[in-house]
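Here's a quick walk through the model on screen.

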Number of protein chains: 2
Amino acid sequence: MADASASQVLGGESLLYLTDEQLRQGIEAMFFAYRGFTADPDRILQGLSYGRAHHRAIHFIHCAPGTTVNNLLNILGVTKQSLNRVLRTLVEDGLVESRVGRADKRERHLYLTEAGDALEKQLSDAQRARMRAAYRQVGPEAVAGFKQVLEAMMDPEMQRQYQKLRENRG
Amino acid sequence: MADASASQVLGGESLLYLTDEQLRQGIEAMFFAYRGFTADPDRILQGLSYGRAHHRAIHFIHCAPGTTVNNLLNILGVTKQSLNRVLRTLVEDGLVESRVGRADKRERHLYLTEAGDALEKQLSDAQRARMRAAYRQVGPEAVAGFKQVLEAMMDPEMQRQYQKLRENRG
DNA sequence: CACTTTAAGTCAGCGTTGTTGACATTCCAA
DNA sequence: TTGGAATGTCAACAACGCTGACTTAAAGTG
């Protein structure tokens, strides 16, 4: 009954990959994989009194130097108070520089310092190593499918953010 | 330089999908997609004074009724104090039943009550709807690749847990 | 039987990271 | 020039991870 739509065949193409059981597998795969995805950076950050939120902020400041607090807010999808706490510690610790905007003095433009860049490299190297190993293991076709599904799972708003970041880097 | 391994060609097969930029895209896709992945259950749970931790517990108790606290601990990868806080509220609220083991009276076997099953259904229906839409949009080959990459990203320990859950359901 | 190990639960405390509410500053437009 | 919108900051609170110390009960072992 719940699998009514999946047990049908449309245009000669099997829909067995849409059963509740298949979807449940995908859900659990996301859960376990995300743990692996964050495990390496988490290990590096623990003991530095930093967490995942700091990692995310550093990642996106690295990708878009000079971005404003508001822009970062939209990308990260958290409240500005939450982000502010993270940014404050990063600025205090000399990993991020916050410059008052020239055109609009309300805005703060964010940049990684040398120390910030070093930590970003350490974190992303670890994360990329795992991704690279996974990619290499399964091959380019599987990777293409992986990205297609992830993109389709996003909210439209996030999808827009995701594609904007891709465009900004060519 | 960082892309040295990716800019080579091995056995005539392009490795361009292993560049740092491609990996970075995958990392960001995981980030945004996970937000979408948890968005619907989070929406349902907010206001019930429950959170993601409760959802995870309910999910795995549903999948493996009668599981013990210790087993759940291994699957979820959290401390027993953390899980206990969540389980206690679920038992108090009548969503989960905790039965003393017959063979080993130290163990507690966990079951969803009718109310617990109802909430599980509500949560997983929402999450599966999003997954089903994504799957349908991209087709079975992409879904196969998606699962391959996710599995390759897991820690070996998690991969074992994941496969065990699959086997238990055929 | 005495001893050790194991499963589960409890209590106290802490850190990260979400949340809302109140507030200061700056810009812009009526 | 004044009022509203936008931007960012500070304070307090809640959810949920964590560690450490402890108790209880049952199982296994010498």
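Predicted model: local features only at pLDDT ≥ 70, side-chain atom pairs only at ≥ 80, totals over all residues.

## Starting at Leu23(A)

What does Leu23(A) touch, once neighbours within four places in sequence are left aside? Its contacts are Leu18(A) from its own chain, plus Arg128(B), Met131(B), Arg132(B) and Tyr135(B) from chain B. For a sense of distance within chain A, take Leu119(A): it sits 96 residues from Leu23(A) along the chain, and the two C-alpha atoms are 37 Å apart.

## His55(A)

Next up is His55(A), which belongs to helix α2 (residues 52-63) of chain A. Is His55(A) buried or exposed? With a relative accessibility of 11%, His55(A) counts as buried, since the cut-off is under 20%.

Skipping residues up to four places away in sequence, the contacts of His55(A) are Pro41(A), Leu45(A), Leu123(A) and Gln127(A).

## Chain A as a whole

Zooming out, chain A has 7 helices and 5 strands, and their order along the sequence is β-β-α-α-β-α-α-β-β-α-α-α. Its radius of gyration is 20 Å, whereas the globule rule gives 15 Å for 170 residues, so chain A is more spread out than a compact globule. The C-alpha trace spans about 60 × 35 × 30 Å along the principal axes.

As for burial, 47% of the 170 residues of chain A count as buried. The accessible surface of chain A is about 8700 Å², with carbon and sulfur atoms accounting for 50% of that. If you take the contacts between residues at least 6 apart in sequence, 48% join residues at least 24 apart. On the charge side, chain A carries 23 positive and 21 negative side chains, and 6 Å separates the centres of the two sets.

## How the two chains pair up

How is chain A superposed on chain B? A rotation of 180° does it, with 0.0 Å of shift along the axis and an RMSD of 0.2 Å. That's the relation of a two-fold axis. Within chain A, Phe146(A) has the C-alpha nearest the axis, at 1.8 Å from it. Both copies use the same surface, with 100% of the contact residues of chain A recurring in chain B.

Technical notes:
Residues numbered from 1 in each chain as written. Chains lettered and ligands numbered in written order. Heavy atoms only, no water. Helix = DSSP H or I, 4+ residues; strand = E, 2+ residues; numbered from the N terminus. Rg over C-alpha atoms; globule rule 2.2 N^0.38 Å. Buried < 20%, exposed > 50% of the residue type's maximum accessible area, 1.4 Å probe, protein only. Contact = heavy atoms within 4.5 Å. Areas by Shrake-Rupley, 256 points an atom, 1.4 Å probe, with all protein chains shown as cover. Lys, Arg positive; Asp, Glu negative; His and termini not counted. Charge placed at Lys NZ, Arg CZ, Asp CG, Glu CD. Least-squares fit on C-alpha atoms with pLDDT ≥ 70 in both.
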